[in-house]
Structures are given as structure tokens and as C-alpha cells.
Amino acid sequence: MGRKFLVALGSAVLALSLAACSGEGAGSGGDTSGEKPGDLTIGVSMPTQTSERWIADGNAVKQKLEAKGYKVDLQYAGDDIPTQSQQVDQMITQGADVLVVAAIDGTALSGQLQAAADAKIPVIAYDRLIRGSKNVDFYVSFDNYKVGVAQATALLVGLGLQNKDGSQGTAKGPFNVELFAGSLDDNNTQYFFGGAMDTLKPFIDGGTLKVKSRQTTIEQVAILRWQQETAQKRMEDLLTSSYNDGARVDGVLSPYDGISRGIITALQNAGYGAAGKKIPVVTGQDAEIASIKLINDGVQGSTVFKDTRLLADQAVNAAEAFLQDKQPQANDTQTYNNGVKVVPSYLLPIATVYKDDIKATLIDSGYWTAEEVAAGQAKK
């Protein structure tokens, strides 16, 4: 039956109190290790359905948990913080036994997490670390600093400054590049940008890379909610303000495929990719199918692939461990400090995908089919 909040009147209160005291039945807050999967519910809170990545994440977690017999309450918050707060509140009051939460804002759920802790409901932060609360029990993600390193390295490879094997390339530069970062309310943004800038800084300091706009701080380059339209507008503004003298953009550091497509649209509208005006090198992340087609067509330079099927597996493993009154297996207990505590974590590897990696990394693994890549659309 799991941990449930029950509201009762009259004599029912006494019956429920006795059940709670005996450690049996709803509202007991005891361990669930002796209960059947069909009697247990996992609440899964995802940030948005505007990104195919989050749709895939939510579906993968739900399907894998249901395959083991658990009940799943999957909710999407539409990138709206009050909606996510309300949905998590509802999961708690309706008796979730574990919560899996990919937060919109990593600092906005403290009240909900306290309510979960009071009800002895474990909380698993999914891909985005929840900050400012002691009530985060586990974190499943990828090595997000390495994601940033990989994106910056892909930019250098695309410009010819470095080879894929890490050796020095033949290009000399200087090259004009612009920088983009994700949403500041997402804790991963700091890791992505930090890894990227640590990699690019020697080239910027040495003059091989020039940020013509001079916008180099994370606050200047961040894109709220990772929105494609916001990224397109910023790229258009950069072209108008910093490249109206005939200079060209050679490369753009982009942290996410949706942002990449916004950047590419702005560049194409300005004539890049046509009439002999080469499209700049643009990086990305998440291997979204629309961007994989762009990479296959030679428009986007690369993306960082994070296999969300493996991430879903780890979320399920962690949830099952908590339901069995055990601690999930962590492979990092030092890196992810949420401002209150270091959250034990399980980090997964990442892979950079260039055009010649699409078949081996994405198609052969079953992540996308060749038909989906050709069409740039996922099959329903």
C-alpha cells in the first residue's frame, strides 16, 4: 500500500492511528521492502514536453517501472514552476512512495521536498540537481562537466584547431566565435559552461579564438528555459550589433540542440549556408532527431549524446533500492554539492556525435532509425 496521506473523520481517525502505530497500512511511513510492486507508486515529475528529450525520458522511466509492476504517476509541468510545485504536492498527498524529479528550477521545490521528507518519501533528482535542500536523497545524471568539455572540443575540431584524437589541427585562426549557455536556474548549466570555458580559455587568451561581441560571462550568454526562440533572437542581435562590419561568425558554442537550431535559423536568415557563405560550426547536446538530420546534412557540426535509456535505468535502480529500504549504488559522492549537502550520485558517460558517428552511435544502438534520421522526425 505504501506511504499514504489519509484524511478521515470521526472514529476512522482512531483506526488509522492504530494502524500507523503498528507500522501497517497507509500513512505508516515505514519501509516498503515487504510490499508488492503493484501496491507501490512512483511519482515522476518532468519539466516540459516542448523538448523531445524530456518526452523520451518520462516515457522511458514510466515504461521501465511499469514493466517491473510498479504504478507510475508521470506528470509534465509545461516549463511552469508553480505547475511543477503543484504536481509534486499532489503526488505526495496522493501517496507516492518515491519521487523522481527533473526540476525546472533547481531551487524552487524546497517546500515540497520538506513535505516528502516528513512523509518519509525518498527523492531522486533526475539529471538536474535540486539545490538548497537537505531532502535530496540521490542524483542520477551524466558527467555534466565533461559534456561542456566535449562541446568545446567539438567546436575546436570543427574549426580545425584540434583533431578528434586530441592532437593539434592544421588551422591557425584567428576565428570569430560566440558563446551560448543554458538556463541559469538549471544547475547543469554551470557545469556545461564551466567545462566548455576551461577548454576554450587558452585559445581565447592566446587570440586564436575571438569573441567579437565580448559577451563571455554566463550571465551574458544564458538562455532562459533553454528556449529555441530566445536563442534565435540573441543570435540575430549579435549579428546586428557585432557583425555589421562584414566580419563573419566562424563558430558558435551551443549547449543544447534546440538552442542550436535557433542559432542556425538566425544564421541562415542572415545568408550563412548559401551563396558560398559557409555555415559556422555549431555544437549541441541531446541528439534530438531534428538536429541529427542537420548534422547528417552538414548544417550542424555535432551534438553530445546522452543515452537517456541508461539514465532511466539508473533512476529505476535507485527507486527500487529505496523501496527495498536500501541505499542506491553511487559512483560519485564528492562532486554534486547542492549548497546544503553533497548528494550521492550515479553519473553516466557521454559521447560526441559528428556526422560519421551517427550510424554506429545512434542507429546501430537503436536510439534512432535510419528513416528517422533521413526525415528528421521521430516516428509516433
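**View 1. The whole chain.** The chain folds into 13 helices and twelve strands. Its radius of gyration is 23 Å, close to the 21 Å given by the globule rule for 380 residues, so the chain is as compact as a globular protein of that length. This is a predicted model. Along the principal axes, the C-alpha atoms fill a box of roughly 80 × 40 × 35 Å.

**View 2. Burial and contacts across the chain.** Buried residues make up 51% of the 380 in the chain. The accessible surface comes to about 16200 Å², and carbon and sulfur atoms account for 50% of this area. Of the contacts between residues at least 6 apart in sequence, 71% join residues at least 24 apart.

**View 3. The cavity.** The structure holds one cavity of 30 Å³ or more. The largest cavity contains about 40 Å³ of space. Its lining consists of Gln151, Phe180, Ala181, Gly182, Thr189, Phe192, Phe193, Ala196, Leu253 and Pro255. Helix H6, residues 187-205, gives the most to this lining, with four residues. By class, seven of the lining residues are nonpolar and three are polar, with no charged residues.

**View 4. Surroundings of Thr208.** Thr208 sits in the loop between H6 and strand S7 (209-210). Leaving aside residues up to four places away in sequence, Thr208 touches Leu161, Lys172, Gly173, Pro174, Phe175 and Phe203. For Thr208 and Phe175, 33 residues apart along the chain, the C-alpha atoms are separated by 6.3 Å.

Methods:
Residues are numbered from 1 along each chain as its sequence is written. This is a predicted model: local features need pLDDT of at least 70, side-chain atom pairs count only at pLDDT 80 or more; totals for chains, interfaces and linings use all residues. Side-chain values use heavy atoms; hydrogens and water are left out. On a 1 Å grid over the protein atoms alone, a cavity is a set of points where a 1.4 Å probe fits but cannot get out, and a pocket is an open set with protein on both sides within 12 Å along at least five of seven lines; lining residues have an atom within 4 Å of a point. Grid points are joined across faces, edges and corners, and a volume is the space filled by probe spheres set on the points. Helices (H or I, at least four residues) and strands (E, at least two) are DSSP runs, numbered from the N terminus. Ala, Val, Leu, Ile, Met, Phe, Trp, Tyr, Cys and Pro count as nonpolar, Asp, Glu, Lys and Arg as charged, and the others, Gly among them, as polar. Contact means heavy atoms within 4.5 Å. The radius of gyration is taken over C-alpha atoms; the globule rule is 2.2 Å times the number of residues to the power 0.38. Buried means under 20% relative accessible area, exposed over 50%, partly exposed in between (1.4 Å probe, protein chains only). Accessible areas come from the Shrake-Rupley method with a 1.4 Å probe; for residues, only the protein chains shown count as cover.
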